[in-house]
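Below is a short report on helix packing, chain contact and the nonpolar core of a model. Terms are given with their cut-offs where they first occur.

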Amino acid sequence: MPDLTPLWLTLKVAATATALSLGVAVAFAWLVARRSFPGRELLDAVLTLPLVLPPTVLGYYLIVVWGRNGWLGGWLYQHLGVTLMFTWQGAVLAASVVSFPLLFKSARAAFEGVPAEYEQAARILGDAEFAVFWRITLPLAARGLLAGVMLAFARAMGDFGATLMVAGNIRGRTQTAALAVFDAVQAGDYSLANTLVVIMSFACVVILVMTNKLAARSQRGR
Amino acid sequence: MKLSVDIGKTLRSREREFHLRAAFSSSDDLTVIFGASGSGKSLTIQAIAGLVTPERGRITVEDRVLFDQEQGVNLPARHRQVGYLFQDYALFPHLTVRENIAYPMKKAWQWGIPPHFDQKVMEIMEAFEIASLAKNHPHELSGGQKQRVALARAMIKRPSLLLLDEPFSAMDAMLRQRMRLELLEIRKRFAVPLVVITHDPADVEVFGDTLVVFANGRVEEINGRRDPAAAEENRG
């Protein structure tokens with residue numbers, strides 16, 4: 001039986017990363033979808049950047065910001081004596097940044113798909129802005145959001161480059177499945193590589209099929 | 001009821017500019033705003049409801065100031081006590097008929113409809129003859145049923161004014177006539193003043209104690225207290 005620790009670690013990292021991105025992505029997506037302000041499309045572009053940048057470049061940015069001598073990481077290390085570098089929390093940071101654009105883009109599309117008229121009706125019926133969001137926008141965008149969550153989770157599971165830069169490749173501590181496959185192939189351990197590859201591929205196919213189903217249903221309307 | 005509107009707003013798009021300059025007042029409990037599409041009548045009632053903010057002017061209902069640019073008054077839509085019937089009703093698709101109607105009675109943090117409002121919701125559903133549809137979702141309803149649900153939802157908090165945006169445009173001729181009569185019935189039963197906007201001359205004949213005619217963003221004509229006999233003559 002091959003060692004499946006990397007799989008459990010991957011699930012933990014991807015789930016935490018997705019949960020972390022969700023709140024931030026929803027807030028920014030609502031802002032971009034429902035408010036007009038100068039620089040809106042620029043903000044959208046910056047938030048989408050991790051989708052197209054090489055993961056190693058992203059990893060480098062993360063080190064600049066969160067490393068022991070980084071802008072935020074330096075403060076953390078000096079005042080609290082902790083660092084995200086070479087920890088599983090660092091892997092979470094990397095995975096949440098690479099998967100963020102998928103969640104943000106899906107959320108923006110989902111919010112833009114909610115007719116503004118429903119929100120106006122809610123305002124006239126007595127709702128303040130947060131209540132409109134909570135009672136109307138969010139439930140009507142829920143399917144699109146869920147599809148985005150699943151895509152982001154799949155992307156977070158599969159990250160290699162950014163995770164390697166930030167968290168390293170420490171067996172049992174920061175070695176996620178994608179890194180373990182690389183190590184196994186390098187070491188000629190094809191039974192471990194095959195097991196991990198089959199499980200990861202299967203999981204991703206299931207996620208994509210479910211995402212497509214959700215997307216199709218939300219297009220048909222309820 | 002006295003509604004008085006005197007507002008200005010400019011909408012700019014890449015192709016054209018639209019200047020709305022609307023001034024009228026009505027003391028009747030049925031005011032018809034008539035005009036072609038694009039004449040600014042929808043924009044005007046959206047301004048009354050607080051959905052768009054005019055650049056200048058003043059809107060009052062009785063003694064309540066809803067908007068006054070000079071005094072810096074701009075009540076949010078939720079505090080205007082105005083009912084609004086959207087052209088395609090805007091029933092919330094994720095809620096049942098009963099949940100739609102109870103929507104204004106429930107706070108965001110409450111899970112269900114508070115029990116002391118149950119009776120009220122039931123009463124208004126019976127008044128609009130839609131009690132049997134309570135558990136249906138909007139997509140299961142016919143056009144006439146949707147309109148009744150939307151009216152019940154708009155009326156449950158007893159607004160001081162009900163605005164209707166092209167209420168019959170989505171209906172066939174038969175239903176249109178029936179719903180016109182129902183609307184007059186509602187005005188009587190709930191004693192609520194109505195402001196109806198329409199581009200259909202037939203609506204003007206049936207309704208309209210005060211008629212406000214819009215063209216190109218301006219009020220062209222105001223007729224107060226039209227003589228019903230004259231309207232009858234026109235029809236023949």
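Helix H6 of chain A (residues 116-124) is largely enclosed by the rest of the structure, because 7 of its 9 residues are buried. A residue is buried if 20 or more other C-beta atoms lie within 10 Å of its own, exposed if 12 or fewer, and partly exposed in between, with C-beta atoms placed from the backbone. Helices (H or I, at least four residues) and strands (E, at least two) are DSSP runs numbered from the N terminus. The buried residues of H6(A) are A:Tyr118, A:Glu119, A:Gln120, A:Ala121, A:Ala122, A:Arg123 and A:Ile124. They pack against helix H7 (129-157) of chain A, and against helix H1 (41-49) and strand E7 (82-85) of chain B. After H6(A) comes A:Gly126, with a positive phi near 115 degrees.

This is a predicted model, in which local features need pLDDT of at least 70 and side-chain atom pairs count only at pLDDT 80 or more, while totals for chains, interfaces and linings use all residues. Residues are numbered from 1 along each chain as its sequence is written, and chains are lettered from A and ligands numbered from 1 in the order in which they are written.

Chain A has 10 helices and 0 strands. Of its 222 residues, 40% count as buried. Its C-alpha atoms fill a box of roughly 65 × 45 × 25 Å along the principal axes.

Two residues are in contact if their C-beta atoms, placed from the backbone, lie within 7 Å. By that criterion, 15 residues of chain B are in contact with 18 residues of chain A.

| Class, chain B side | Residues |
|---|---|
| nonpolar | 12 residues |

The largest nonpolar core has 119 residues, and A:Ala94, B:Ile101, B:Ala152 and B:Leu163 touch the most other members. H7(A) gives the most to this core, with 15 residues. A nonpolar core is a set of buried Ala, Val, Leu, Ile, Met, Phe, Trp, Tyr and Cys residues joined through C-beta atoms within 7 Å. Leaving aside neighbours within four places in sequence, A:Ala94 is in contact with A:Gly59, A:Leu62, A:Asp159, A:Ala162, A:Thr163, A:Val166 and A:Ala167.

Terms used
Ala, Val, Leu, Ile, Met, Phe, Trp, Tyr, Cys and Pro count as nonpolar, Asp, Glu, Lys and Arg as charged, and the others, Gly among them, as polar.
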